[in-house]
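Student: Hi! Could you walk me through this one?
Tutor: Happy to, have a look at it here.

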Amino acid sequence: MKDSSLRSILITGGTGFIGSHTCLKLLEKGYFLYVVDSFINSSPKVLRKLEELFPQGSEKFNQQFNLIEGDIRDSTVIENIFINSINQNRCIEAVIHFAGLKSVEESLLNPSLYWDINVGGSIALVKVLEKYNCRTIVFSSSATVYNSISDSPLSENCEVRPCNPYGETKATVENILRSLYKNKRKDWRVINLRYFNPIGAHSSGVIGEDPIRKTNNLFPYLSKVASGNKEVLKIFGNDWPTFDGTAIRDYIHIMDLADVHCLALEYLLQKEESRFLCLNVGTGKGTSILELLKTYEIVNSCKIPFIYVDRRPGDIAISFAKTELATSILNWKPKFDISDMCRDGWNWQKLNPCGYQ
Ligand SMILES: NC(=O)c1ccc[n+]([C@@H]2O[C@H](COP(=O)([O-])OP(=O)(O)OC[C@H]3O[C@@H](n4cnc5c(N)ncnc54)[C@H](O)[C@@H]3O)[C@@H](O)[C@H]2O)c1
């Protein structure tokens, strides 16, 4: 018999990078998880890795973690999950919606795919949520929703004006959720988490970032160069108006980000009345690419060959978050710094040179 005191949550995209680390935290807190993923950018092997990390053993893990292969655009998949949860006397109370594609570069090459999965998938999802009266959602938004000419630190009040299809899809889903909240004021409880740059891995090195699709994220590439899987790191531009000429970003440890999801969920579940919030999630500190690279080399005693190449179109010099709102609303502060991120990211890379293969 399953312990019915556990709260049930639907996690879309829960075997991906951020989803897998968040699932671990939620499992440790005792939530019962229905995880749906199409594995378009992740591996089903994450299941066994989470089981390995779960402190209370396999039996409890199998009670708490329910993985369903499926696409969020297929409403029957999501409906069946809700029907199952009701039949098991475990009504799903909230959703953390990670599922989506995340490459700016790929979204420029194939915008319709991004609109279909990120926006079409979210619409299909919320229709089922409405039908089953599940109106509490934490959504994975992004710092790319901001106007690229706004000065950092970026606050949640800065203009939302994305400059690529990926960012446009994220801003659109935020708008859809805002309309739902406005039209049904008493119902929807929404937090859009605008992530800055999540990097690193769980300190065990058992789970980490292993994208299947081509990624233009810096950190997984840097780790591959450090391990010799890739020859050289290309740094896009050394003539930015920053102290060392390389672009500045706000990096956040993946386990800090996982904590934020748990807190956002708990915050919404405790509220009786409707809510709509957009929260930046970063550390509030800017780090240049050269600083990140040098820290990685020092912390991990390794060498990262690099070359400078031209700037990429659409890139910006400096982006970091104003984080006071998330800090005050969620009573949260990041625990990890850049050295921790580099250490844990390298540990994952060393232990899993071929990812989850
Ligand atoms: N990693 C970042 O730098 C970053 C920054 C800002 C926002 N985000 C957003 O956060 C979310 C999670 O990011 P991540 O880094 O974990 O990416 P990820 O690709 O590792 O995880 C996304 C997961 O969603 C799944 N998925 C994609 N389309 C699906 C569909 N139609 N149906 C079911 N599953 C589907 C993928 O297989 C994958 O497991 C994404 O929405 C992303 O856009 C990520």
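Student: Which residues come nearest to the ligand?
Tutor: Keep in mind that this is a predicted model. Of the 31 residues around the ligand, the nearest are Gly13, Gly16, Ser42, Gly100 and Ser140.

Student: And which elements give two or more residues to that shell?
Tutor: Those are helix 1 (17-28), strand 2 (32-37), helix 6 (111-131), strand 5 (136-142) and strand 7 (197-199). Helix 1 gives the most, with three residues.

Student: How many of the shell residues are nonpolar, polar or charged?
Tutor: The shell around the ligand has 13 nonpolar, 14 polar and four charged residues.

Student: New topic: at what angle do helix 8 and helix 10 cross?
Tutor: Roughly 40°, and the axes of helix 8 (residues 218-226) and helix 10 (residues 289-300) come within 12 Å. Because of that angle, helix 8 is oblique to helix 10. Their crossing is right-handed.

Student: Which residues make the contact?
Tutor: Helix 8 brings Leu218, Leu222 and Ala226, while helix 10 brings Ile289, Leu293, Tyr296 and Asn300. By class, that contact has six nonpolar residues, one polar and no charged ones.

Student: In which sense do strand 9 and strand 14 pair, parallel or antiparallel?
Tutor: Strand 9 (residues 248-249) and strand 14 pair in the parallel sense, over two bridges. Arginine 249 stands opposite serine 319 in strand 14.

Terms used. Residues are numbered from 1 along each chain as its sequence is written. This is a predicted model: local features need pLDDT of at least 70, side-chain atom pairs count only at pLDDT 80 or more; totals for chains, interfaces and linings use all residues. A residue is near a molecule or strand if its C-beta atom, placed from the backbone, lies within 6 Å of it. Helices (H or I, at least four residues) and strands (E, at least two) are DSSP runs, numbered from the N terminus. Ala, Val, Leu, Ile, Met, Phe, Trp, Tyr, Cys and Pro count as nonpolar, Asp, Glu, Lys and Arg as charged, and the others, Gly among them, as polar. Axes are lines fitted to C-alpha atoms, for helices over the stretch in contact, and angles run from 0 to 180 degrees between N-to-C directions. Angles under 35 degrees count as roughly parallel, over 145 as roughly antiparallel, 65 to 115 as roughly perpendicular and the rest as oblique. A crossing is left-handed if the near helix is turned anticlockwise from the far one by less than a right angle, and right-handed if clockwise. Two residues are in contact if their C-beta atoms, placed from the backbone, lie within 7 Å. Two strands pair if DSSP finds at least two bridges between them.
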